[in-house]
Amino acid sequence: MLITSINRANRHAVNETLLDAWGELKMYTKEKVHLLDKLSGYVAIENSQIKGVITYHIDNHFYEIVSLNSFEPNRGIGSMLLRKAIETAHQNQCYKIWLVTTNDNLDALSFYQKRKFDLIDVYNHTITQLRRKKPSIPTIGNHGIPIKHEIELARFIN
């Protein structure tokens, strides 16, 4: 498995993969809009196929994971991409690496907590409000859970 930066050579394929995964190239976090096709990140490639992607944004020594997709669960792809993200956060002298997920994303909540991320905050009904801007957000998510809230997780870097 090759983990490489998103670059000019793979950007189009990465954008197509993210568009397929998310339905559009805009990602909303804590009322911010990120354009996935403009963000830095890493891609996991095996046999010329994209197996995973992580995108991020660094602002004032805070490293935000905007998206993380592993297209073959339980193979360690998400873990490899996260390790690369943490390494990049260290290189950029970031104090904190953080992300926001939705209340129904139990897999993400488990994944990050197992990797030393703490629950930092819950933003009640932000998804309900965001649905006014993006009506395509489903009302029912994973495990039949209504999608209503954002949950922030963070890991502080020494």
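I began with Asn15: at 13% relative accessibility it counts as buried (buried is under 20% relative accessible area, exposed over 50%, partly exposed in between, with a 1.4 Å probe and protein chains only). This is a predicted model, where local features need pLDDT of at least 70, side-chain atom pairs count only at pLDDT 80 or more, and totals for chains, interfaces and linings use all residues. Residues are numbered from 1 along each chain as its sequence is written, and side-chain values use heavy atoms, with hydrogens and water left out.

**Entry 1, helix H1**

I placed Asn15 in helix H1 (helices are DSSP runs of H or I with at least four residues, strands are runs of E with at least two, and both are numbered from the N terminus). Leaving aside neighbours within four places in sequence, I found Asn15 in contact with Leu25 and Asp37; contact means heavy atoms within 4.5 Å.

Next I checked the length of H1, residues 11-22. Its 12 residues should span 16 Å at 1.5 Å a residue, and the end C-alpha atoms are 16 Å apart, so the two agree. The expected span here is 1.5 Å times one less than the number of residues.

Which residues of H1 are buried? I listed Arg11, Val14, Asn15, Thr17 and Leu18. They cover an arc of only 165° around the axis, which puts them on the same side of H1; the arc is that of the directions from the helix axis to the C-beta atoms. An α-helix has 3.6 residues a turn, so residues three or four places apart point the same way. On the face turned away from the buried side I noted the exposed residues His12 and Asp20.

I then looked at what the buried residues of H1 pack against, and got strand S4 (40-46), S5 and strand S6 (62-70). Just after H1, Gly23 takes a positive phi of about 85°.

I found His57 in strand S5, residues 49-59. Buried or partly exposed? His57 counts as partly exposed, because its relative accessibility is 30%. Not counting residues up to four places away in sequence, His57 touches His34, Leu39, Phe62, Tyr63, Glu64 and Val66.

The largest nonpolar core has 23 residues (a set of buried Ala, Val, Leu, Ile, Met, Phe, Trp, Tyr and Cys joined through side-chain atoms within 4.5 Å). Among those with the most contacts inside this core I noted Tyr63, Ile65, Leu82 and Leu153. The elements giving two or more residues to this core include S4, S5, S6 and helix H2 (77-91). H2 gives the most, with six residues. Apart from this core lies another of nine residues, among them Val14, Leu39, Val43 and Val66.

I counted five aromatic pairs. Rings of Phe, Tyr and Trp (its six-membered ring) pair if their centres lie within 6.5 Å; planes under 30 degrees apart count as stacked, over 60 as edge-to-face and the rest as tilted. Tyr56 and Tyr63 are stacked, because their ring centres are 4.6 Å apart and their planes at 20°. Both Tyr56 and Tyr63 are buried. Phe111 and Tyr112 have centres 5.0 Å apart and planes at 85°, so I logged that pair as edge-to-face. Both Phe111 and Tyr112 are buried too. Ring pairs link Tyr42, Tyr56 and Tyr63 into a cluster.
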